[in-house]
Amino acid sequence: MVVSAVRSVETGIKNARRWYAEKQAADPRGAYYSFISFMRASVLGLRKAQAAKWISIAGHPFVFSPIVALLAGASLFGPVESILGLLTVILCCLLPASLYILRKVRIGEWSDLDVSARKDRPHLFLAGFAFLLLTTLVLFVTRQPVVYARGCLAAMILIVGGWFLNRWLKPSMHAGFAMLTACSLWPLSTQLSLVAILFALAVGWSRVQLRRHTWLEVGVGLLLGMLVCQLIFLT
């Protein structure tokens with residue numbers, strides 16, 4: 001065992017010397033600078049991953065869209081109407097949808113809260129559509145501003161589009177909802193809408209960076225969000 005251990009150490013030293021010589025030959029600055037470059041790239045990659053994580057969280061359909069709706073509603077109708085509309089959406093759609101997703105993950109039917117597996121997404125789309133339909137009915141019955149119902153209608157159309165396209169690819173609903181929300185601000189404030197559109201593009205980047213989607217899937221999601229907004233809010 002001792003002889004074997006000594007031989008292992010000698011082999012390790014030889015391999016280390018060979019690696020150092022190869023790095024020196026490949027890089028005149030030496031292996032030290034190669035190691036520093038490697039560490040810098042690792043730190044940069046870690047920072048990008050952290051930035052992508054937080055952008056993805058901020059751009060989640062359950063976060064970005066409700067916050068924008070609250071702020072837009074407050075400027076159009078006042079704080080009371082905007083808070084009442086947001087509470088309706090939370091209680092009738094966001095909360096039950098969140099509990100549904102959490103239950104599916106806990107019992108092992110879905111792998112993660114993002115519902116990354118394409119085969120699981122039709123069930124998510126069906127549940128989301130049902131909760132949005134319920135929310136729309138409640139908004140009509142309680143005679144709240146019609147723009148909230150139109151927002152739910154736009155979300156339902158976006159879900160149906162994602163549901164249909166899910167046969168061939170996994171369109172990014174993060175990017176789709178972010179772009180739908182951003183473009184819907186255009187009649188209210190062009191400058192604010194442009195800023196939100198840039199954020200929607202950042203959300204798309206984050207989904208690729210986190211390896212949840214490809215660029216094609218993100219692009220399809222962004223395009224779908226723009227088309228739905230054009231159909232519901234800008235016509």
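This is a predicted model: local features need pLDDT of at least 70, side-chain atom pairs count only at pLDDT 80 or more; totals for chains, interfaces and linings use all residues.
## Helix 3

Helix 3 comprises 13 residues, 64-76. From its first C-alpha to its last it reaches 18 Å, close to the 18 Å expected at 1.5 Å a residue. The buried residues in this helix are F64, S65, P66, V68, A72 and G73.

Just after helix 3, G78 adopts a positive phi of about 110 degrees.

## Aromatic pairs

A pair of aromatic rings is described by the distance of the centres and the angle of the planes. The structure contains four aromatic pairs. One of them joins Y100 and W110 in an edge-to-face arrangement, with 5.6 Å centre to centre and 80 degrees between the planes. Y100 belongs to helix 4 (residues 79-106), whereas W110 lies in the loop between helix 4 and helix 5 (121-141), so the pair ties together parts that are ten residues apart in sequence. Y100 counts as partly exposed because its relative accessibility is 25%, while W110, with a relative accessible area of 4%, is buried.

F164 and W168 form another pair: the ring centres are 5.2 Å apart and the planes stand at 70 degrees, which makes the pair edge-to-face, since planes over 60 degrees apart count as such. F164 is partly exposed, with a relative accessible area of 43%. W168 has a relative accessible area of 54% and is therefore exposed, the cut-off being over 50%.

## Charge over a ring

K53 and W54 provide a contact between a charge and a ring. The charged end of K53 sits over the ring of W54, at 5.7 Å from the ring centre.

Definitions and conventions:
Residues are numbered from 1 along each chain as its sequence is written. Side-chain values use heavy atoms; hydrogens and water are left out. Helices (H or I, at least four residues) and strands (E, at least two) are DSSP runs, numbered from the N terminus. The expected span of a helix is 1.5 Å times one less than its number of residues. Buried means under 20% relative accessible area, exposed over 50%, partly exposed in between (1.4 Å probe, protein chains only). Rings of Phe, Tyr and Trp (its six-membered ring) pair if their centres lie within 6.5 Å; planes under 30 degrees apart count as stacked, over 60 as edge-to-face and the rest as tilted. A charge sits over a ring if NZ of Lys or CZ of Arg is within 6 Å of the ring centre and within 35 degrees of the ring normal.
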